[in-house]
Amino acid sequence: MSHTIPSADRQMPQGINWRKVWQAYRVFMPNPAQGILHILAAAESSRWQKWVVRRLSRQAAPIQDWDVTIDLDELNKLPADTLGGAYARHMIQQGFDPDTFINSDPNVLPFDRRLAIAHDVQHIIAGFDSSPIGEFGLAAFTLVQYWDMLNVFVLSWVPWFMMGNWRSIPQLFIALYRGFTIGWRSRPLVAYPFEIYWDKPILEVRQELRITK
């Protein structure tokens, strides 16, 4: 028996789920986490996302099967100037859960889990805070590194932000410029095994990755 797929759920030839894209735009402002989950779902079956994952998997080949686990209480015992100590304090102060953006499917691949967890680690390594401007700066950095749909989505909110925060436009442009610049210049962060360098000073991590604060 054949079934007709409702037009709202049909995907374009490239596999992007445009219904999920629309849902992401509808909920992103009141609930950014939910919006991001929608845009991740929108890209999941697309050729675009498959190309991104293949490219990042090649860059991170030696560690792509490593399973990352996070113990914030233990990391919080590390000095604040270390990668793990700064990451734990960032997560605790913001009330963030490392598993927020991880697919609940028990069969989720370790590499997908790494990509989800890496976002807040990259906040620390790249030196962007969790303010809207900091998020835009990190999105610029990660877009250059990943070339993914998620960061295109995040940066598409820049015009809206400028209309409501015109006094912050100079700081926004500085963050975007810095994000794009260090994204081009730095080594691929996806290939960095951050979980074995939690106790390393952030400055040393940045030097290894060619990132200037």
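Ground rules first. Residues count from 1 along each chain as its sequence is written, and side-chain values use heavy atoms, without hydrogens and water. Because the model is predicted, local features need pLDDT of at least 70 and side-chain atom pairs pLDDT 80 or more, while totals for chains, interfaces and linings use all residues.

Start inside. The largest nonpolar core has 50 residues. A core here is a set of buried Ala, Val, Leu, Ile, Met, Phe, Trp, Tyr and Cys residues, joined through side-chain atoms within 4.5 Å. Buried means under 20% relative accessible area, exposed over 50%, partly exposed in between, with a 1.4 Å probe and protein chains only. Leu-83, Tyr-87, Ile-125, Phe-136 and Phe-194 have the most contacts inside this core. Helix α7, residues 132-146, gives the most to it, with 7 residues. Helices are DSSP runs of H or I, at least four residues, numbered from the N terminus.

Now Phe-136. Beyond its neighbours within four places in sequence, Phe-136 contacts (heavy atoms within 4.5 Å) residues including Trp-157, Phe-161 and Leu-176.

Next, a helix pair. The axes of α1 (residues 18-27) and α2 (residues 32-43) come within 8 Å and cross at roughly 170°. Axes are lines fitted to C-alpha atoms over the stretch in contact, with angles from 0 to 180 degrees between N-to-C directions. So α1 and α2 are roughly antiparallel, a label for angles over 145 degrees.

Last, the outside. Asp-73 sits in helix α4, residues 72-75. Is Asp-73 buried or exposed? Exposed, because its relative accessibility is 59%.

Note on methods: Helix = DSSP H or I, 4+ residues; strand = E, 2+ residues; numbered from the N terminus. Parallel < 35°, antiparallel > 145°, perpendicular 65-115°, else oblique.
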